[in-house]
Amino acid sequence: MTILEAADIIIRDLTESDTSAILDIYQQGINTGHATFQEYAPSWDEWDQSHLKMPRLGAIADDELAGWAALSPTSSRCVYAGVAEESVYVGTRFSGLGVGRKLLQAIINASEEAGVWTLTAGIFPENVASLKLHEAAGFKILGRRERIGKMTFGPLAGQWRDVFLLERRSEAPQFT
């Protein structure tokens with residue numbers, strides 16, 4: 001792979017043909033032990049049902065899906081329609097090349113266009129790169145949820161983990 005420039009990373013909507021790559025990249029993140037409490041990537045149906053239909057974005061680099069970003073609802077209550085949890089996952093091979101930065105900015109822009117004014121994220125304290133990425137994009141750490149979940153896999157299996165709760169607020173929409 002050549003050294004990527006920001007201009008070499010193309011952001012586009014995810015399609016059904018990306019299914020396998022999305023789940024593979026998700027599993028790569030899971031394998032780090034610092035991305036999620038989930039032990040295995042879900043089935044496509046589970047992933048699809050747990051994420052909002054739009055926006056779902058992919059980063060293309062070197063003619064392959066290098067990463068993805070999607071939103072999940074934080075509540076089924078209509079008053080929270082403008083609030084979503086964002087997820088950004090970058091394939092191991094593309095880590096540290098600016099893919100995450102481009103995806104995060106793109107999902108922020110797309111979420112605002114879709115009427116979402118508050119994005120949240122839960123990040124393990126050990127995932128320093130993700131914390132820095134989010135803070136650079138305007139996310140603020142609201143607090144540390146101590147011992148919020150117990151790891152079931154990997155080198156930290158059986159350990160209770162903390163998670164930082166982050167939030168990014170856009171200008172509130174004007175309702176008429």
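Helices and strands here are DSSP runs, numbered from the N terminus: helices are H or I with at least four residues, and strands are E with at least two. The model is a predicted one: local features need pLDDT of at least 70 and side-chain atom pairs count only at pLDDT 80 or more, while totals for chains, interfaces and linings use all residues. Residues are numbered from 1 along each chain as its sequence is written, and side-chain values use heavy atoms, with hydrogens and water left out.

I begin with the backbone. Most residues other than glycine have a negative phi, and most peptide bonds are trans. Against that background, the peptide bond from Met-54 to Pro-55 is cis, with omega near -5°. Pro-55 sits in the loop between α2 (44-50) and β2 (56-61). Asp-62 has a positive phi, near 50°, and belongs to the loop between β2 and β3 (64-73). Arg-147 also has a positive phi, of about 50°, but its place is in strand β6, residues 140-150.

For accessibility, buried means under 20% relative accessible area, exposed over 50%, and partly exposed in between, with a 1.4 Å probe and protein chains only. Asp-62 is partly exposed at 33%, whereas Arg-147, at 53%, counts as exposed.

I turn now to the sheet. Two strands are taken to pair if DSSP finds at least two bridges between them. In what order do the strands of the open sheet run? The order of the 7 strands is β1-β2-β3-β4-β5-β7-β6, with mixed pairing. Its edge strands, β1 (10-13) and β6, each pair on one side only. Strands β4 (residues 83-90) and β5 (residues 118-123) run parallel and are joined by 3 bridges; in one of them, Ala-84 is partnered by Leu-119 of β5.

Finally, the charged pairs. A salt bridge is a side-chain nitrogen of Lys or Arg within 4 Å of a carboxyl oxygen of Asp or Glu, and the whole structure holds 7 of them. Asp-48, Lys-53 and Arg-56 form a network: the closest N and O atoms are 3.2 Å apart for Lys-53 and Asp-48, and the N to O distance is 2.6 Å for Arg-56 and Asp-48. Arg-56 is buried, at 9%. Glu-126 and Arg-161 form another salt bridge, at 3.0 Å. This pair links distant parts of the chain, 35 residues apart: Glu-126 in the loop between β5 and α4, and Arg-161 in strand β7. Glu-126 is partly exposed at 43%, while Arg-161 is buried at 3%.
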